[in-house]
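Hi,

Here is the structure I promised to pass on. Have a look at it first, and my notes follow below.

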Amino acid sequence: MAQHQQISLPAKLINGGIAGMVGVTCVFPIDLAKTRLQNQRSGQQLYKNMIDCLIKTVKSEGYFGIYRGAAVNLTLVTPEKAIKLAANDFFRHQLSQDGTRLTVFKEMLAGCCAGMCQVIITTPMEMLKIQMQDAGRLVAQQRVMPSVVTTMKMGGTSAVLSRSYNTIHGPQVVRVSALQITKDLLRTKGIVGLYKGLGATLMRDIPFSVVYFPLFAHLHQLGQHSSEHPSVPFYWSFMSGCLAGSIAAVAVSPCDVVKTRLQSLKKGANEETYNGVVDCVRKIWRKEGPRAFLKGASCRALVIAPLFGIAQVVYFVGVGEFLLGYSPYNIYSA
């Protein structure tokens, strides 16, 4: 076990990067549905649920439409996940140098520090990804705008929007690259433009890490056979990551809704603009009610659970260590 703890930082970074890329590839369509569900307002629902969103996206944008924004995510998720996992490991090591077992408070403190470190990459990554993911929803809303106006005047329900979506054809989704969005933001707002919603990202990622890492550590420890043989099967690492990830994801879902709304640069018809976290929370609560803060919560749990399950398997199995020749690769124990 001591040998495993002394593995160098490059191996940890490789593990985090590989885990992030594999996980994102598997769950990205669900993440796209989450973003669109969170951004649609009450009374203007284009999508009933995750499945409805994915079906309509494929019909209107093709199969690759559900992977809009995946390229920027795959590019930046490597440093993002690597920083998150490696930082938590680093701070846990620093906090346990006195030789005593980590208390829950110290585990939460290590998770807090890891969450603060990752936002350097997370904020611009999410900023670019959200613009690309939400583009199809905005176009779909434009297609039904005549019916939206009529429905609002007559006091109709969102069911009318759902029917209109399939019957009215209009503008197509504009293919805008992440590079173009980045250039526009840098030209008009400077580097600050890429970090819009930083406060909301911190508000989401720090509590997530505070909940996730200690919970995962304790769940993972339950799979140990004995203190003399602390290794656990790879499937236990996966299940621990899934359970801890889904619980933490649902716990911070309201913060994720606020972050998504703040980072969406383009708004649909009759959609509110927000002047910061407090203003966003107040307007959502007043106009959409408390349930709006849980929009996309199930999608987020379905995204985060396998994402962190896969991440922990790669991390604890030691793919990076194997690639760097530090230790033998063993899929039966981590």
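What volume does the second largest pocket have? The second largest pocket comes out at about 480 Å³. Before the rest, some housekeeping. This is a predicted model, where local features need pLDDT of at least 70, side-chain atom pairs count only at pLDDT 80 or more, and totals for chains, interfaces and linings use all residues. Residues are numbered from 1 along each chain as its sequence is written, and side-chain values use heavy atoms, with hydrogens and water left out.

On a 1 Å grid over the protein atoms alone, a pocket is an open set of points with protein on both sides within 12 Å along at least five of seven lines, while a cavity is a set where a 1.4 Å probe fits but cannot get out; lining residues have an atom within 4 Å of a point. Grid points are joined across faces, edges and corners, and a volume is the space filled by probe spheres set on the points.

Back to that pocket: 22 residues line it, and Gln131, Ala135, Leu138, Val176 and Lys266 lie nearest its centre. Helix 5 gives the most to this lining, with 9 residues, and helix 8 (178-189) also supplies at least two. (Helices here are DSSP runs of H or I, at least four residues, numbered from the N terminus.) By class, the lining of the second largest pocket has 10 nonpolar, 6 polar and 6 charged residues. For those classes, Ala, Val, Leu, Ile, Met, Phe, Trp, Tyr, Cys and Pro count as nonpolar, Asp, Glu, Lys and Arg as charged, and the others, Gly among them, as polar.

A search of the whole structure turns up 1 cavity of 30 Å³ or more. The largest cavity has a volume of about 280 Å³. Its lining has 23 residues, with Lys81, Glu126, Arg300, Ile304 and Leu307 nearest the centre. Helix 2, helix 4, helix 5 (104-143), helix 10 (198-221) and helix 14 (297-317) each bring at least two residues to that lining, which divides into 10 nonpolar, 3 polar and 10 charged.

**How some of the helices pack**

Axes are lines fitted to C-alpha atoms, for helices over the stretch in contact, and angles run from 0 to 180 degrees between N-to-C directions.

Take helix 2 (residues 9-39) and helix 3 (residues 50-61): their axes come within 9 Å and cross at roughly 100°. The two are therefore roughly perpendicular (65 to 115 degrees; under 35 is roughly parallel, over 145 roughly antiparallel, and the rest oblique). Their contact (heavy atoms within 4.5 Å) includes Pro29, Ile30 and Leu32 of helix 2 and Met50, Cys53 and Leu54 of helix 3. The residues of this contact divide into 8 nonpolar, 1 polar and 2 charged.

Helix 2 also packs with helix 4 (residues 70-95), at an angle of about 135° and with the axes 7 Å apart. That makes helix 2 oblique to helix 4. Among the residues in contact are Gly16, Gly17 and Gly20 of helix 2 and Val77, Lys81 and Leu85 of helix 4. By class, this contact has 11 nonpolar, 6 polar and 3 charged residues.

Lastly, the axes of helix 10 and helix 14 come within 13 Å and cross at roughly 55°, which makes helix 10 oblique to helix 14. The contact is made by Arg204, Phe208, Tyr212, Phe216 and His220 of helix 10 and Arg300, Ile304, Phe308, Gln312 and Phe316 of helix 14. These residues divide into 6 nonpolar, 2 polar and 2 charged.

Cheers
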